[in-house]
Amino acid sequence: MERVPILKIGDILLVSIQVDMSDQTAIQLQEDLAERIVATGCHGVIIDITALDIVDSFVGRMLSTIASISKVLDAETVVVGMRPAVAITLVELGLSLNGIRTALNVERGMELVAATRADDWDALDGDDEDAETTATP
Amino acid sequence: MAMSAEQSGRLARLLSEHTDRLTERWTETVAASLRGRLSQAELGRQVRELHRSMIDAGRNGLTDLADEHGGELRAVLAELSTNRARQGFSASETAISVFAVKDALLELMEENKADDTLRDFVAFSALIDQMGLFTFESYVRTREGLIADQAEQLLELSTPVVKLWEGVVAVPLVGTLDSARAQVVMERLLQTLVDTGSPYAIIDITGVPAVDTQVAQHILKTVVAARLMGADCIISGIRPQIAQTIVALGIEFGDIATKASLADALRHVLRLTGVETTARRPRRES
C-alpha cells in the first residue's frame, strides 16, 4: 500500500498527494496526519492536490474529514493547487467542499495560514503581541 | 430517368462537336445572371473547364453523378461552388451556372432533331439537375464551414483575460453569454488564475446585454469554481436595468461582492490586498 508523505516546514505540515487515493491510503493519511499534528505541535496543514486529475466525492469527503480533524487539534487546513478542470467538475457535481479553505499554490497557502494565525493572536491578546513585537528588535 | 451509357456517349459527342458555340452561349447566360460581378475571362475559364470535364465524364460512360467516373466532374463542381461561396454569390446564382447549359443544349438539339431527341434531352437534363444539386450541396457545406470558423474565431476573440494589477485579473464579458461561451470563459479564467497565481478575479459584465437566470447561474458557477481553487471573484459592471432584472428574477448572489463599475471593483480589491490609493497633490507651478 502506498503512503502519502507528510513534510514539516516550520510551523506547517505539507501533504503533497501524488498518487491516486484509495480508501486505505486515505484512512492511513488521516491517521498519520493526526499523529504528526500532535507530535510536532504544528498549527497549519497544507494539502497540495496539484497532481490530482480527478477529485470525486470520496476525495472531497476525505479532505473535509482531514480539515475537521485538524480543526479539533487546533491546526488550520488549506487545500492548494486545485486544477481548473477539477474545480469545474466539482461545481458541476455540486460539491463545494464546505469548511475547507483554499489557495492557488503552496506559497499562497502558507501566507494564508500565517495570516490566520496572526488574526487569531490579535483576537486573543492583541496588546501582548504589540508588546512582543516592540521588544524583539 | 437514369441515363444510359449510350446516351452519355451521345452527350459527350454533342458537347465536343459544338464546343465553341456551346461555351459561348453558356457563358453568356451565366454572365447575364451574375450581372458583371465576375470577369468575363474568369467565367469563360470556369465554363470551359466544366465543359471539358463533362465531355470526359460522358466519354467514360457516366450514367449517374455519384458514379466512380464522375469523380473529376464532382471535383470541378465542388471547386466552382466553393469559389462562388467565398466570393459571396448566392446559392441560386451558383446553381444557374450549371443549369445554363440546358438552354444551350436545347438550342443545339432543336436544330438537329431526331426520333429520340426528346428522350435524350430528358436524360441529359436529369444529369444536369444532379450536377446543380451537387453544386448546391457543396455551396452549403462551404458556407457552413465559414460560419463554424467564424463562430470559433468569435469565441476566441470575445473572452480575453487581462491583468489589472499584481495579483488581480479581469474578464470583460462582451455579448450574450450562452453555455458554450460561459464554459470557455470559465476555463480560461481559471487557467489564468493558475498561470499568474492571482488570488483575485473581476468578472465585468458591462457588455452583457441581458442577465437571466441561466447567465447568472453560469457566473455563479465560475465564482464557486474560482473559490475552490483559492481565488476570490468580484462581479462588476452591473447596469441599473440589469440590477432591476436580477432583483425581479430573485437571483441571489449570496456573499459574492458585486460592484457597479470596474473601477469600484479594482478599488475594493486593492483595499483587500492592503494597497493604498491616494491622489497626489498637484504640483504647483510657481
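Trainee: Right-handed or left-handed: which is the crossing of α5(B) and α6(B)?
Mentor: This is a predicted model, where local features need pLDDT of at least 70, side-chain atom pairs count only at pLDDT 80 or more, and totals for chains, interfaces and linings use all residues. Residues are numbered from 1 along each chain as its sequence is written, while chains are lettered from A and ligands numbered from 1 in written order. A crossing is right-handed if the near helix is turned clockwise from the far one by less than a right angle, left-handed if anticlockwise. The crossing of α5(B) and α6(B) is right-handed.

Trainee: At what angle do the axes of α5(B) and α6(B) cross?
Mentor: Helices (H or I, at least four residues) and strands (E, at least two) are DSSP runs, numbered from the N terminus. Axes are lines fitted to C-alpha atoms, for helices over the stretch in contact, and angles run from 0 to 180 degrees between N-to-C directions. α5(B) spans residues 91-111, α6(B) spans 117-157, and their axes come within 8 Å. They cross at roughly 165 degrees.

Trainee: Which orientation does α5(B) have to α6(B)?
Mentor: The axes cross at roughly 165 degrees. Angles under 35 degrees count as roughly parallel, over 145 as roughly antiparallel, 65 to 115 as roughly perpendicular and the rest as oblique. So α5(B) and α6(B) are roughly antiparallel.

Trainee: How many nonpolar residues are in the contact of α5(B) with α6(B)?
Mentor: Contact means C-beta atoms, placed from the backbone, within 7 Å. Ala, Val, Leu, Ile, Met, Phe, Trp, Tyr, Cys and Pro count as nonpolar, Asp, Glu, Lys and Arg as charged, and the others, Gly among them, as polar. Five residues are polar and one is charged, and the nonpolar count is 14.

Trainee: How far apart are the axes of α7(B) and α8(B)?
Mentor: α7(B) is residues 179-196 and α8(B) is 213-228. Their angle is about 20 degrees, so they are roughly parallel. The axes are separated by 10 Å.

Trainee: Which residues of α8(B) does α7(B) meet?
Mentor: α7(B) supplies A182(B), V185(B), M186(B), L189(B), L190(B) and L193(B). On the α8(B) side stand H218(B), K221(B), T222(B), A225(B) and A226(B).

Trainee: What do the buried residues of α8(B) pack against?
Mentor: Buried means 20 or more other C-beta atoms within 10 Å, exposed 12 or fewer, partly exposed in between, with C-beta atoms placed from the backbone. Among the buried residues of α8(B) are V215(B), I219(B), V223(B) and L228(B). Their partners lie in both chains: α7, β3 (200-207) and β4 (232-236) of chain B, plus α3 (84-93) and β5 (101-103) of chain A.

Trainee: Which element gives the largest share of the side of chain B that touches chain A?
Mentor: 16 residues of chain B are in contact with 14 of chain A. The largest share, six residues, comes from α7(B).

Trainee: Buried or exposed: which is D74(A)?
Mentor: D74(A) sits in the loop between α2 (57-72) and β4 (76-80) of chain A. Its phi is near 60 degrees, a positive value in a residue other than glycine. D74(A) has 11 C-beta neighbours inside 10 Å, so it counts as exposed.

Trainee: What percentage of the residues of chain B count as buried?
Mentor: Chain B has ten helices and five strands. Of its 286 residues, the buried part is 30%.

Notes: Two residues are in contact if their C-beta atoms, placed from the backbone, lie within 7 Å.
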